Amino acid sequence: MTPGHGVRHPSAPAPGGAPGAHAGATLAKAASENFPVAPAFLPRAWRQGLMAVYGYARLVDDIGDGDLAPGGRDAVLLGLDPAAADDRPAMLDALEADLLRVFGGTDGPPRHPLLLALQPVAREHRLSPEHFLGLIEANRQDQRVARYATYGELLAYCELSANTVGRLVLELTGTSTPERIRRSDAVCTALQIAEHLQDVTEDLARDRIYLPAEDMRRFRVAEADLGARSAGASVRSLIAFETERTYGLLNEGTPLVGSVHGRLRLLLAGFVGGGRAALRAISAAGFDVLPGPPKPTRGLLLREVAAVLRTAPRKG
């Protein structure tokens, strides 16, 4: 579960009651993800828990990307001056301090409403603080690292930025096992990379490139080629290669869906199907992602989810 672009879905109720209009605007971004974050068919407690985790993950990413709402309200909520909202390292430090309050800090309850809503969820489900800290570290890395030399380096980044969220979903639903974690990691890394493939132009505007430099050299793609209005043959070949490799990751993780039952099976099929739909949208665009992120239709998403449910091998 990683923030990104895609099909719109109804968002779930805010966790722990109304978090306020400002925090509610952050939660509303769940509607633009490639997969359903907390669909209505889930038990209410799961929906609230998933939205609490999503709200935190979205807040961390918005800080790291400089996408916070104007006015400095988030800085004030975290105990900083409004002008500090543009100081991403300071904001991430303040968020980490507030996260420690979620897990029993000695200086009172969390200050940000999204973290205040997260606290009872984290306590009830005994969620691991290191996963939440991993998301902060991934966004700190975004402030230091703008290019990835190898695919292995990109996978290590996804370990922090994406896989941590999948592990939290397993903890939240009480289904975490070593095998499921392995499969979940594959799915979450694939979802993250699919988002990077959709967002090449948006990332370049932030002076970030998540296409491994070793692959760009292989396909003779220069950074300047990524700034064109439309992709040339070399860029399309590169995106096609990355898309196919990401399909492989999704296929590796798909047995996760068959390892669980009931409504959780539907949720995980939504994650995998959302990733497949995003990749199919990239393929349908002729691998030209430069005009803007190719977005799957709702119909395509539903067909992909149905295909996952039909083909995911059942265990247990």
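**Aromatic contacts in a predicted model**

At 4% relative accessibility, Tyr157 counts as buried (under 20% relative accessible area, with exposed over 50% and partly exposed in between, using a 1.4 Å probe and protein chains only). This is a predicted model, where local features need pLDDT of at least 70 and side-chain atom pairs count only at pLDDT 80 or more, while totals for chains, interfaces and linings use all residues. Residues are numbered from 1 along each chain as its sequence is written, and side-chain values use heavy atoms, with hydrogens and water left out.

**Ring pairs**
- There are six aromatic pairs in the structure (Phe, Tyr or Trp rings, the six-membered one for Trp, with centres within 6.5 Å; planes under 30 degrees apart are stacked, over 60 edge-to-face, the rest tilted).
- Tyr56 and Phe132 make an edge-to-face pair, because their planes sit at 80°, with the ring centres 5.1 Å apart.
- That pair ties together distant parts of the chain, 76 residues apart: Tyr56 is in helix 2 (residues 44–65) and Phe132 in helix 6 (residues 129–144) (helices are DSSP runs of H or I, at least four residues, numbered from the N terminus).
- Tyr157 pairs with Tyr148 in a tilted arrangement, 5.5 Å centre to centre and 45° between the planes.
- Tyr148 is buried too, at 3% relative accessibility.

**Charges over rings**
- Arg245 lies over the face of Tyr151, 3.5 Å from the ring centre (NZ of Lys or CZ of Arg within 6 Å of the ring centre and within 35 degrees of the ring normal).
- Arg218 lies over the face of Phe241, at 4.6 Å from the ring centre.

Technical notes
Helix = DSSP H or I, 4+ residues; strand = E, 2+ residues; numbered from the N terminus.
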